[in-house]
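Dear colleague,

Please read them with the model open.

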Amino acid sequence: VIKCKAAVAWEAGKPLSIEEVEVAPPKAHEVRIKIVATAVCHTDAYTLSGADPEGCFPVILGHEGAGIVESVGEGVTKVKKGDTVIPLYIPQCGECKFCKNPNTNLCQKIRITQGKGVMPDGTSRFTCKGKQIYHFMGTSTFSEYTVVADISVAKIDAAAPLDKVCLLGCGISTGYGAAINTAKVEPGSTCAVFGLGGVGLAVIMGCKIAGASRIIGIDINKDKYAKAKEFGATECISPQDCKKPIQEVLVEMTDGGVDYSFECIGNVGVMRAALEACHKGWGVSVIVGVAAAGQEISTRPFQLVTGRTWKGTAFGGWKSVDNVPKLVTEYMSKKIKVDEFVTHTLPFDKINEAFELMHSGK
């Protein structure tokens, strides 16, 4: 058993608490990882808020991390002690019907136990002050050591800077893949990206790499426009400056609508606007943002009858074990940006400040 520091969420709506926790050794087909760097994501904040119906407490949150394998359980063959890895919240077992289907990346092998905050055998590897602590998204990267299933880990280039590539564990991969894999953006096309946070910037990057000729960024926070243009946005607009609904403005700006739109906020009203901003006959709108539990999307069926397509994406459609190492290689060869997404680097005990910075849009 390893004793180390972790940021524990004891209950919903309260700040994280840095505690000493005990991390049990990995069981069969499990891997224990020394986490070197982690990022914070709105998904962590959503669960912490208490709004997540799958949220269990007390829990160690975090799902964008990178580290070094400390030890492996019985039967683990893909990684060994000392390997550099990224934990994966969407695993890839290679055996389930989802893994065998080229059209999805949603491996279901450990979905039920992962959603309940436990390892595949139904138990936790974390304890603190004599209490069992739940796992989160199969990763729990807000701990100096964590234990994950062996199908939830990608071995990456040992030379990669972990304080950067940890972002490929969720946000950057999600946005980039939404453009490349889900929408399949084509050269010369026009795109609209709603929400210019980390995921939205990654979508813009993907659209630019795919050869889009016009990329319109949409956000009410104008402080985000300069960064969006650095990533490839050709122009940025705020719905608050428009006298008409944003979808009508975009349809006028683009002679009938955009070829591709992306919702990167998790707001069902914006999802509708993103679909309705698409061009009749061929426009594709991709939902990337995760809306709160129980919320529903709506539009008039005629929007779809007249040739628009509504799609969704999780982790950018990447089959994780196969593709995360390739994304790291693309970053190392400067095909995709990662460093530019990092705004602040804080010590672990300032994790609550990191959440404050994220909530304030900084």
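Which element gives the most to the lining of the second largest pocket? Strand E10 does, with three residues. Before the details, please note that this is a predicted model, in which local features need pLDDT of at least 70 and side-chain atom pairs count only at pLDDT 80 or more, while totals for chains, interfaces and linings use all residues. Residues are numbered from 1 along each chain as its sequence is written, and side-chain values use heavy atoms, with hydrogens and water left out.

The second largest pocket holds about 370 Å³ of space, and of its 20 lining residues the closest to the centre are Lys78, Gln92, Cys93, Asp150 and Ile151. Here a pocket is an open set of points on a 1 Å grid over the protein atoms alone, with protein on both sides within 12 Å along at least five of seven lines, whereas a cavity is a set where a 1.4 Å probe fits but cannot get out; lining residues have an atom within 4 Å of a point. Grid points are joined across faces, edges and corners, and a volume is the space filled by probe spheres set on the points. Strand E10 (153–155) and helix H11 (320–332) each supply at least two residues of this pocket's lining, helices (H or I, at least four residues) and strands (E, at least two) being DSSP runs numbered from the N terminus. By class, the lining has ten nonpolar, five polar and five charged residues, where Ala, Val, Leu, Ile, Met, Phe, Trp, Tyr, Cys and Pro count as nonpolar, Asp, Glu, Lys and Arg as charged, and the others, Gly among them, as polar.

There are two cavities of 30 Å³ or more. The largest cavity, of about 70 Å³, is lined by residues including Ile110, Met119, His135 and Ser152, and its lining has five nonpolar, five polar and no charged residues. The second largest cavity has about 30 Å³ of space, and among its lining residues are Gln92, Phe98, Asn105 and Lys319.

Turning to the sheet, six strands form an open sheet in the order E13-E12-E11-E14-E15-E16, with parallel pairing (two strands pair if DSSP finds at least two bridges between them). Strands E13 (235–237) and E16 (309–312) stand at the edges, each with a single partner strand, so one side of each is left without a neighbour in the sheet. Four bridges join E15 (residues 284–287) to E16, and serine 285 stands opposite tryptophan 310 in E16.

With best regards
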